[in-house]
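Please look over the sequence and the model, and then read the points below beside them.

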Amino acid sequence: MSKLVDLIVSETGLPPSDVLRLIRSAPRRYKVYRIPKRSGGEREIAQPAREIKLLQRVLVDKVLSSLPVHRAATAYMKGCSIAANASYHAGSGPILKMDFRDFFPSIRAEDWVLFCRNTHVFDENDAELSAQILFRRAKHEHVLKLSIGAPSSPILSNILLMPFDTMVMAEASKRHIRYTRYADDLTFSGQRIGMLKDMIDVVRLTVRQVQRPKLTVNLDKTTFVTAKHRRVVTGVTLANDGLLSLGHDKKRRLSAAVHRAIHGGLDSKELLSLSGDLAFAKVIEPSFLDRLARKYGPEAVQMIRHAPRQS
């Protein structure tokens, strides 16, 4: 019997025949829906069935979590956060921001199988079986792609981008430039824009050299931001004093939303969203939360922060 099947049987208590049946059907067992993107348009989310999530979590806990990830990869990692990613660039002057087009779906099952072959994480048979668990086959498609919405996709993307991150970090360090990658968001910071311009060609060249995963740089979203303008990294504003901020506009919207919540102007879904925003505010700019408490009362703010989740 395969070691992978043995592992899943041991961790879940499922019979081997049931595990194999689930693996064979796993790539098709996803619920697909769309959510609006902040930049416009929609993003497709494919969430695996509960039984497939169980198999994926076994792989995350017992296999993927022990594989190396580059320190530049700040998304989804224990002890890392959006705030930690942004704070690394605080007070560093101008910023270069880049990203990848269709990041998760660009990562395919053959990328993982090749990784397993090169690192001996699994033998050939178990590499193929694990790919069935970790990757999705969309309707009318023959290839298996990484899904936005699967619990295993974030860490798997970080593992497979280790060579990319290593090469980009080496080039950035030569130029005394700071580099982080939060999923598909690449951020570089340095003392002068001239120092950062080289990194555009470095990223494009590295994508070609690494080859797998086969990524595409979204040049339309390549931007430079100086200290004269609002510098935002993964949704966090970098103030010129080196501190993190929510930004004036977001604080104004949050204050208005708290006012509406207190007067019963938000439904349960909006209240839950506001609760999440306030939790984010506490991490990024806790003094703003203190100001809200003084303005609207600490009890009111606490009530919103502990809004019950929908069942």
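Helices (H or I, at least four residues) and strands (E, at least two) are DSSP runs, numbered from the N terminus. This is a predicted model, in which local features need pLDDT of at least 70 and side-chain atom pairs count only at pLDDT 80 or more, while totals for chains, interfaces and linings use all residues. Residues are numbered from 1 along each chain as its sequence is written, and side-chain values use heavy atoms, with hydrogens and water left out.

- Helix α13 spans residues 286-296, and its buried residues are F288, L289, L292, A293 and Y296; buried means under 20% relative accessible area, exposed means over 50%, and partly exposed lies in between (1.4 Å probe, protein chains only).
- An α-helix has 3.6 residues a turn, so residues three or four places apart point the same way.

**Strand β3 and its partners**

- Strand β3 (residues 95-99) is largely enclosed by the rest of the structure, because four of its five residues are buried.
- Strand β3 is joined to strand β5 (residues 185-189) by five bridges, and the two run antiparallel; two strands pair if DSSP finds at least two bridges between them.
- Within this pairing, K97 has T187 of β5 as its bridge partner.
- Three bridges connect β3 with strand β6 (residues 223-225), again in an antiparallel arrangement.
- Opposite I95 stands V225 of β6.

**Salt bridges**

- The structure contains 13 salt bridges, a salt bridge being a side-chain nitrogen of Lys or Arg within 4 Å of a carboxyl oxygen of Asp or Glu.
- Side chains of opposite charge can pair when their charged atoms come close.
- One of these salt bridges is formed by the side chains of R21 and D18, at 4.0 Å from N to O.
- R21 and D18 are three residues apart in helix α2 (residues 16-25), and are therefore separated by about one helical turn.
- R21 is partly exposed at 43% relative accessibility, and D18 is partly exposed with a relative accessible area of 27%.
- R29 and E51 form another salt bridge, with their closest N and O atoms 3.3 Å apart.
- This pair links distant parts of the chain, 22 residues apart: R29 is in the loop between α2 and β1 (30-36), and E51 is in helix α3 (residues 50-62).
- R29 is partly exposed, at a relative accessible area of 27%, and E51 is partly exposed, at 32%.
- D198 and R175 also form a salt bridge, with the closest N and O atoms 3.4 Å apart.
- D198 lies in helix α10 (residues 193-210) and R175 in the loop between α9 (162-174) and β4 (178-182), so the pair ties together parts that are 23 residues apart in sequence.
- D198 has a relative accessible area of 40% and is partly exposed; R175, at 24%, is partly exposed.
- A network of salt bridges links E171, K174, R175 and D198.

**The cavity**

- One cavity of 30 Å³ or more is found in a search of the whole structure; on a 1 Å grid over the protein atoms alone, a cavity is a set of points where a 1.4 Å probe fits but cannot get out, and lining residues have an atom within 4 Å of a point.
- The largest cavity has a volume of about 40 Å³, a volume being the space filled by probe spheres set on the points, which are joined across faces, edges and corners.
- The largest cavity is lined by L161, F164, V207, V210, Q211, P213 and L215.
- The lining residues comprise six nonpolar, one polar and no charged; Ala, Val, Leu, Ile, Met, Phe, Trp, Tyr, Cys and Pro count as nonpolar, Asp, Glu, Lys and Arg as charged, and the others, Gly among them, as polar.

**Backbone features in loops**

- R212 and P213 are joined by a cis peptide bond, with omega of about -5 degrees.
- P213 is placed in the loop between α10 and β6, and Q211 is in the loop between α10 and β6.
- Q211 has a positive phi near 70 degrees although it is a residue other than glycine, and Q211 is exposed at 55% relative accessibility.
- H176 is not a glycine, yet it has a positive phi of about 60 degrees.
- H176 is located in the loop between α9 and β4 and is exposed, with a relative accessible area of 69%.

Definitions and conventions: 1 Å grid on protein atoms, 1.4 Å probe; cavity = no way out; pocket = protein on both sides within 12 Å on 5 of 7 lines; lining within 4 Å.
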